[in-house]
Amino acid sequence: MMLPRIANQRAIVDRRALADAVSAAFAEQGDRSRPAVVELLRGALDSGRAELARRLEARPSAGTECAHGQAFLVDQLVRVIHDHVVGKVYRASNRSTGERIAIIAVGGYGRGEMAPHSDVDIAFVTPIKPTSWCEQVIEAILYFLWDLGLKVGHSSRSLDEVVRMAKSDLTIRTALLEGRYVWGDRDLFDAASARFWNEVVNGTEKQFVAEKLQERNERHKRLGDSRYVVEPNVKEGKGGLRDLHTLYWIGKYIHKVRDASELVDVGLLTAEEYRAFRRAENFFWAVRCHLHAITRRAEDRLTFDLQREVAMRMNFADRPGKSAVERFMQYFFLQAKQVGSLTGVFLAQLDGQFARQKRSFFASLRSRRKKVGPFFIEGGKLGVPAEDTFQQDPVRLVELFAVAASEKVEIHPEAMRLARRDAGLIDAAVRKDQRANALFLDVLTSRNDPETVLRWMNEAGVFGRFVPDFGRVVAQMQFDMYHHYTVDEHTIRAIGLLASIEKGEAKADHPLASEVVGKVASRRVLYVATLLHDIAKGRRGDHSVLGAEVAMKLCPRLGLSAAETELVAWLVRWHLLMSATAFKRDLADYKTIADFVNTVQSQERLRLLLLLTIVDIRAVGPGVWNSWKRQLLGDLFVSAEEVLRLGHKQHGRAERIIAKKKAVGAILKERDNLIGTVGRQLGDAYWIAEPEDIIALNLQQMDQALGELLSVEAHWYPARGATLVTVLAADHPGLFYRIAGGIHLAGGNIIDARIHTARNGTAVDNFLVQDPLGRPLNEASQIERLKNAIADALANRVKLVPQLAARPLARPRADAFDVRPIVIFDNKASNRFTVIEVGARDRPALLNRLARALFEARLIVHSAHIATYGERAVDTFYVTDVLGEKVDSEARMKAVEKRLLEAAEDRKVKAAA
C-alpha cells in the first residue's frame with residue numbers, strides 16, 4: 001500500500017534538504033553531532049506540523065488530507081533518521097545477510113492516516129533473530145523518535161516471530177494487515193508480507209471476521225452502546241472511525257483489497273455507499289485532527305468544552321432555533337448513523353458471499369421460507385422478494401416494520417438496504433394513506449418490542465420520512481449536561497421504557513407506574529404523546545406549546561379521534577408540569593396541589609401525565625432517575641388523586657393534624673407520649689408539612705436533646721435515596737445559610753430543606769442531603785463529617801465563604817455552558833409564602849450563597865427545594881418577611897432580585913465571615 005499523493009510535499013518537509021543538513025552536521029561535529037541532529041529533526045517536525053495546521057485551517061473539512069499529510073511527515077523523518085543511523089552512526093561496510101532491517105508502518109500509521117498527536121506504530125523486521133548491529137540500529141532510531149517527543153509503539157521481530165505472533169494475537173494480526181513499507185530492506189518487507197498472507201491469513205477468514213465483530217461489540221459496550229451519546233468518542237465510539245476501519249479490515253482480510261474503494265469491486269458496497277463511507281471518514285478525520293490541534297494531545301473524545309470550538313473551526317454557524325454547536329453535532333450524529341447503516345449492508349453482503357460458498361455464516365441453519373404478506377421470513381429474518389417491492393407500493397415501507405413487530409423477527413440487512421434506498425418514495429400521498437397510518441400506529445403501540453422496531457425504522461430513514469416533524473429532530477442533540485442522548489434516541493428509549501412498564505418488567509423500579517398503567521383508558525394516546533413530547537425541540541419558541549400544535553395536526557392523520565387528539569395535545573403541552581411541580585414546589589402546601597389539580601382536571605390525565613413524566617426522565621440518561629424523584633412524583637400523584645377523587649373539598653386543617661398525630665403515634669408505639677410532651681412545642685404548620693416518619697424521628701431527637709444548645713442527627717433515609725440531617729438549635733437569623741454552608745463543606749448537596757421554629761424558640765430544621773453526583777451519604781465516616789461540619793459552622797469555628805469558594809466543581813465541564821442567572825417571584829403559588837425561584841449554574845455552595853443573600857435581605861426561609869438539570873440548578877425558596885408577610889412590594893422584590901443575582905453569578909467570592 002502506498003500513501004496517496006500529497007499536494008506540495010516539500011512545503012511540509014523537504015527530505016533531501018533535511019538529509020543534507022543532518023549529513024553536514026555530522027561531518028562538522030562527528031560523534032558529538034547528536035544534539036544538532038535532533039534540533040534539525042525537531043525543527044522539521046514543528047514546521048511540518050505548522051504547515052499541516054495551516055492547511056487544516058484553510059480547509060477545515062479536509063480531514064483525510066490532513067491525516068495523510070501527518071503520516072507523510074513522519075515517513076520522511078523516519079527515512080532521514082534510518083539513513084543517518086545506518087550510514088553514519090553505525091556504518092557497517094560488510095554486512096551479513098542477517099544484518100538487514102525493514103521498517104514497516106503498522107496500524108493507523110500503516111494505513112497512512114494519523115492525527116497530529118497519534119501514536120507512531122512501527123515494526124522492525126529482521127531475517128533472523130536480531131544481531132547486535134540490528135539491535136543498535138533499532139535502538140538508535142527509537143531514541144531519535146523519542147527525543148522528538150513522538151509516542152512510539154514499536155516491535156522488533158524476526159520473520160518467523162512475525163508469523164507466530166500474528167497467528168496467536170488478533171491485535172498484532174490487525175496491525176500487520178495494514179503493514180506498509182516505509183524504509184530499509186524492501187525484499188525483506190516483501191517476504192514478510194508474502195508469509196503473512198500465505199501462512200497467517202489463508203484459511204482464517206471466518207475466524208477473523210467473527211473475532212473482529214466480537215471486539216467491536218465489546219468496544220461499543222465499554223463506551224456506551226449507542227451512536228447518540230452526547231460526548232462521543234470520534235475514534236472508538238459506536239458509528240465512529242474504528243467502525244469504518246473494521247469494515248476495511250474485514251474487506252482486506254477476505255478479498256485482499258488495497259484501498260477502501262475496492263470494496264465496491266468485490267461487491268461489499270455499492271458506489272453510492274462507498275461515497276457515504278468516504279464522506280463519513282473524511283468528516284470524522286477532520287473532527288479528530290481539530291481535537292488534537294486544540295488540545296495539543298491525543299484527544300479523541302468530543303467533550304462539551306471542545307464541541308463549541310470544533311464547530312467554530314469547521315465553520316458551522318447559528319441558525320434560528322439551533323446554535324452552531326447543535327448543528328455541528330447533528331451532522332456528526334447523522335454521519336455516525338450512516339456508518340451504522342453501512343455496517344449493516346456490508347455484513348449482509350458478506351453473509352451472502354459466505355452463504356454462496358455453501359457454508360452458513362453468522363446465522364443459524366437456513367430454514368424454509370414462510371410468506372407473510374408481500375414479504376417472506378427465512379432463517380429468522382424478514383426479507384423482501386424483489387428489488388422493486390417498495391417501488392410497486394411505497395406503503396410497504398411502513399408495512400415491513402409492522403410485520404417485523406407483529407412476527408417478532410429481525411429485518412434482513414438487504415431488506416434494510418432497499419428500505420433505506422427507497423425511503424424517498426414516502427411522499428404526501430403515502431403519509432395520508434389510511435392503511436400506512438394504521439400500520440405505523442401498530443408499530444408504535446406494539447406489545448412486543450416497539451423500541452427496537454422504531455429504531456430500525458429510524459436507521460432506515462423511513463421514520464423521519466413518514467413523520468417529517470420527527471425527521472427534524474433526528475440526530476439533534478441538546479447542548480447541555482442533562483440530556484445524554486439525541487432527541488430521536490431519547491424519544492425511542494422513552495417508548496421502550498413505557499412498553500417495559502406496561503409488560504410489568506419494571507415493578508421494582510416503578511411500583512406506582514406499574515400499577516397505574518393498567519388503569520389507563522387509552523394506550524394509543526399514551527404512546528403517541530410519548531412520541532410527540534419533544535417533537536418541537538430545536539424550533540424557536542416553547543417546545544411544549546409548539547409540540548401541542550404538531551399533535552393537533554398529526555394525530556387525526558394517524559387515525560386518532562378528536563377526543564384522543566385533544567388529550568395527546570394536552571399531554572405534550574403540559575408534559576413538564578408534573579416534574580416541575582414535584583421538584584420545584586412544596587408538596588406540603590395545599591395550594592401547590594390545588595393549582596396542579598386545577599390544570600390536570602381528571603384522573604385519566606393524571607395517570608397519563610405520571611407515566612409520561614417517568615419515562616421522559618428515565619430516558620434522559622443513566623443516573624438521572626433516583627428514589628428521591630420517585631418519592632416526590634409519587635407524593636404528588638397520591639395527593640392530586642385524592643383531591644380529584646373526593647372533589648375540591650379541602651380536609652379541615654384540624655382534622656389533617658389529628659390524622660397525622662395518630663399516624664405518628666403508630667410509629668412511636670410505646671413512646672407515643674412524646675406527641676403530648678415535646679410535640680406540644682411544634683405548631684400546626686410543622687405537623688402539616690412534615691411526613692409522619694420524619695416527625696417520629698424529630699420528636700425522639702427533641703426529647704434526647706432537652707437542655708442541649710445544639711443537636712445534629714443524620715440518618716440514611718432509603719425511602720428518599722438521601723441522608724436526613726436534622727438540626728436542633730436556638731433559632732437566630734442566618735441559621736439556615738450557616739447550616740447549608742456546613743453541609744456543603746462536608747461534601748453534601750442539599751436537595752430539600754424544611755425550616756421550623758418551635759414555640760420555645762428552638763429551630764427544628766430538616767435537610768435531605770446527597771453527594772454532588774446524587775448518591776447518598778450513608779457511610780459512618782460521612783455522617784460523622786456532616787455532624788462535625790455543621791457544629792463548626794454554627795460555632796463560627798470555620799470561615800465559610802473562602803473555604804466554600806475553594807471547593808472543586810462536581811461537574812468540571814460545566815464551564816463549557818453559559819447559564820445566565822434568573823430570579824422569578826411567584827405570589828400565587830402559595831397562600832402563606834412568596835415563592836422565589838432562582839436558576840443558575842450548578843456549583844458548590846450555591847444554596848449557601850443564595851440563603852445568605854436572603855438573610856441579608858431580611859427574609860425568612862420556611863422551605864427550600866433544589867432541582868438540578870446537568871449544569872443548571874433551580875433553587876426554590878418559600879419565604880416571608882420578618883413579620884411573616886409575603887413579599888409583594890415591587891421595590892422590595894427588585895432589591896431581593898439584585899442580591900440573589902449577585903450571589904448566583906459565577907465569580908470568586910471575596911473572603912468574608
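1. Ground rules. Residues are numbered from 1 along each chain as its sequence is written. In this predicted model, local features need pLDDT of at least 70 and side-chain atom pairs pLDDT 80 or more, while totals for chains, interfaces and linings use all residues; side-chain values use heavy atoms, without hydrogens and water.

2. Helix 32. Helices are DSSP runs (H or I, at least four residues), numbered from the N terminus. Helix 32 covers residues 627-646. Its 20 residues reach 28 Å from first C-alpha to last, close to the expected 28 Å (1.5 Å times one less than the number of residues). Its buried residues include Trp 628, Leu 632 and Phe 637 (buried: under 20% relative accessible area; exposed: over 50%; partly exposed: in between; 1.4 Å probe, protein chains only).

3. Glu 281. This residue lies in helix 13 (residues 271-295). Glu 281 counts as buried because its relative accessibility is 6%.

4. Aromatic pairs. Rings of Phe, Tyr and Trp (its six-membered ring) pair if their centres lie within 6.5 Å; planes under 30 degrees apart are stacked, over 60 edge-to-face, the rest tilted. The count is 21 aromatic pairs. One of them, Tyr 686 with Trp 687, is edge-to-face: 6.1 Å centre to centre, 90° between the planes. Tyr 686 is buried at 2%, and Trp 687 is buried at 1%.

5. Tyr 737 is buried at 5%; Phe 855 is partly exposed at 31%.

Definitions and conventions:
Helices (H or I, at least four residues) and strands (E, at least two) are DSSP runs, numbered from the N terminus.
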